[in-house]
Amino acid sequence: MSDYIVRATAANNQIRAFAATTKQVVETAREHHDTSPVATAALGRLLTAGAMMGSMMKNDTDMLTLQIRGDGPIQGITVTADSHASVKGYVGNPDVMLPPKNGKLDVGGAVGIGLLQVIKDMGLKEPYSGQTILVTSEIAEDLTYYFANSEQVPSSVGLGVLMEKDNTVRRAGGFIIQLMPFAEEKTISQLEENLKNVTSVTALLDKGYTPEQLLEELLGNLGLEITDTISTQFFCNCSKERVEQAVVSIGRKDIQEMIDEGEDIEVKCHFCNTAYRYTIDELKEIVKRSK
C-alpha cells in the first residue's frame, strides 16, 4: 500500500490532526543514501514530520525546510517538503553506527546537542524561519517543543521508524496533533488523557495501524472527522541543469583548473545521491556561459 497522510479535525474543530504512514518514503531514502539503521531512523522521523508539515502549507509553490544541526556523529539532517507532501532529505554521515540504547536505535545519541531550524518559503520577500534548541534530540519531542515555542501552537508529535533484521524499513509513520487557540479545558484534558495511553507510535505501526486508525486511537472519543487524505512520496526534482548551478558556484577559476586537468567530473545531488557527469567540453561551455 502506498504512503499517505490523513488530515482531520476533532472536538468541533478545537483540534486539528495529521497522521501518516511513510514506509516507502523512508525505504526509498535508505536506498538512495545507503544509510545505517540509526541514520535511517533519524532521517525517517524527520522525513515523516516534513511530509505532514508540508501538507499543512496552503500554496502550490510553498516549500518547507527542516534542519537539525547537532554535535552528534550523524553530522546533521536536512529535509525539504512541498505542499503536496513530496519530501526529500539527507544526513551528513549516512554510515553512523551506535550501540542500541534501552534496546532501541539511539537516534538522540546520533543527533547530539544542537538546534532545530524550520524554514517556510511562502513566496514572500523573506522566508519565515524559526529555531529552537533540541530538547531530547529524538526529533518528535523537539518538534513538539518547536511548535509550542516558535509557533505558539500546543502540539503533540509522535514519529516512529522500525527496521527489519536485514536493515530495510519495516514500518514508518507518525502523527501531529494541534490544539486551536479556542480549545476548551475539557477537550485539552481528554486529549492529554488519550496521549498518555499511547506510549509508542512504533508499537501501533507494527500492529499494522493505518493513519486513520492512529487518529482513531488518539481522538476517537473526541468526535474525530477525517477531512481528506493526501499521498506522500520521496521525490527529488534535481536535474543536470539544476546541479550545474552548484558547479557554477565553485567559480570560474576552479572550473578552469578541472578543465586543465583534463578529467571529467561527477557531481552528486545531496538529496537523492544521483550522480551527474560533466565532460571537459561541458565544463568549457559552463565557463563560457558564466562570463
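The model is predicted.

Six strands make up the open sheet. Their order is E7-E6-E3-E4-E5-E11, and the pairing is mixed. The edges are E7 and strand E11 (233-234), each of which pairs on one side only. Within the sheet, strand E3 (residues 63-70) pairs with E6 in the antiparallel sense, over 8 bridges. Ile-68 stands opposite Leu-116 in E6. Helix H4 (residues 140-150) packs on the sheet and touches E6 and E7. The direction of H4 makes about 120° with that of E7.

Strand E6 spans residues 114-121 and strand E7 residues 128-133. The two run antiparallel and are joined by 6 bridges. Lys-120 stands opposite Tyr-128 in E7. The hairpin of E6 and E7 has 6 residues between the strands. In this hairpin, Gly-123 takes a positive phi near 75°. In a regular strand, side chains alternate between the two faces of the sheet.

Another loop of the sheet holds a buried serine. Ser-83 lies between strand E4 (77-82) and strand E5 (86-91). Its relative accessible area is 8%. Ser-83 is therefore classed as buried, the cut-off being under 20%. The side chain of Ser-83 reaches the backbone oxygen of Asn-59 at 2.8 Å. Beyond residues up to four places away in sequence, Ser-83 touches Gly-54, Ser-55, Met-57, Asn-59, Asp-60, Asp-62 and Ile-230.

A leucine in a helix is also buried. Leu-47 is found in helix H2 (residues 37-54). The relative accessible area of Leu-47 is 0%. Residues up to four places away in sequence aside, Leu-47 touches Val-25, Ala-29, Val-79, Val-87, Lys-88, Gly-89 and Phe-234. Asp-71 is 24 residues from Leu-47 in sequence. In space, the two are 20 Å apart, C-alpha to C-alpha.

The buried residues of H8 are Val-243, Glu-244 and Val-247. Seen down the helix axis, the buried residues of H8 fall within an arc of 115°, so they line one face of the helix. Several elements cover these buried residues, including helix H9 (252-261), strand E12 (265-268), strand E13 (275-278) and H10. The face of H8 turned away from the buried side carries the exposed residues Glu-241, Arg-242, Gln-245 and Ser-249. H8 is followed by Gly-251, whose phi is positive, near 100°.

The structure holds 13 salt bridges. One of them joins Asp-228 to Arg-7, with the closest N and O atoms 2.7 Å apart. Asp-228 lies in strand E10 (residues 225-231) and Arg-7 in strand E1 (residues 4-10), so the pair ties together parts that are 221 residues apart in sequence. Asp-228 is partly exposed, at a relative accessible area of 28%.

Lys-240 pairs with Glu-282, and the closest N and O atoms are 2.9 Å apart. Lys-240 belongs to helix H8 (residues 240-249) and Glu-282 to helix H10 (residues 280-289). The pair thus links distant parts of the chain, 42 residues apart. Lys-240 is partly exposed, at 29% relative accessibility. Glu-282 is partly exposed too, with a relative accessible area of 28%.

A further salt bridge forms between Asp-206 and Arg-171, whose closest N and O atoms are 3.7 Å apart. Asp-206 sits in helix H6 (residues 201-206) and Arg-171 in strand E9 (residues 169-179). These are distant parts of the chain, with the pair 35 residues apart. Asp-206 counts as partly exposed at 29% relative accessibility. Arg-171 counts as partly exposed at 30%. Salt bridges that share partners join Glu-164, Arg-170, Arg-171 and Asp-206 into one network.

Note on methods
Residues are numbered from 1 along each chain as its sequence is written. This is a predicted model: local features need pLDDT of at least 70, side-chain atom pairs count only at pLDDT 80 or more; totals for chains, interfaces and linings use all residues. Side-chain values use heavy atoms; hydrogens and water are left out. Two strands pair if DSSP finds at least two bridges between them. Helices (H or I, at least four residues) and strands (E, at least two) are DSSP runs, numbered from the N terminus. A salt bridge is a side-chain nitrogen of Lys or Arg within 4 Å of a carboxyl oxygen of Asp or Glu. Buried means under 20% relative accessible area, exposed over 50%, partly exposed in between (1.4 Å probe, protein chains only). Contact means heavy atoms within 4.5 Å. Axes are lines fitted to C-alpha atoms, for helices over the stretch in contact, and angles run from 0 to 180 degrees between N-to-C directions. A polar contact is a pair of N or O atoms within 3.5 Å; within protein, one must be able to donate a hydrogen and the other to accept it, and residues adjacent in sequence count only if both atoms are side-chain atoms. The arc is that of the directions from the helix axis to the C-beta atoms.
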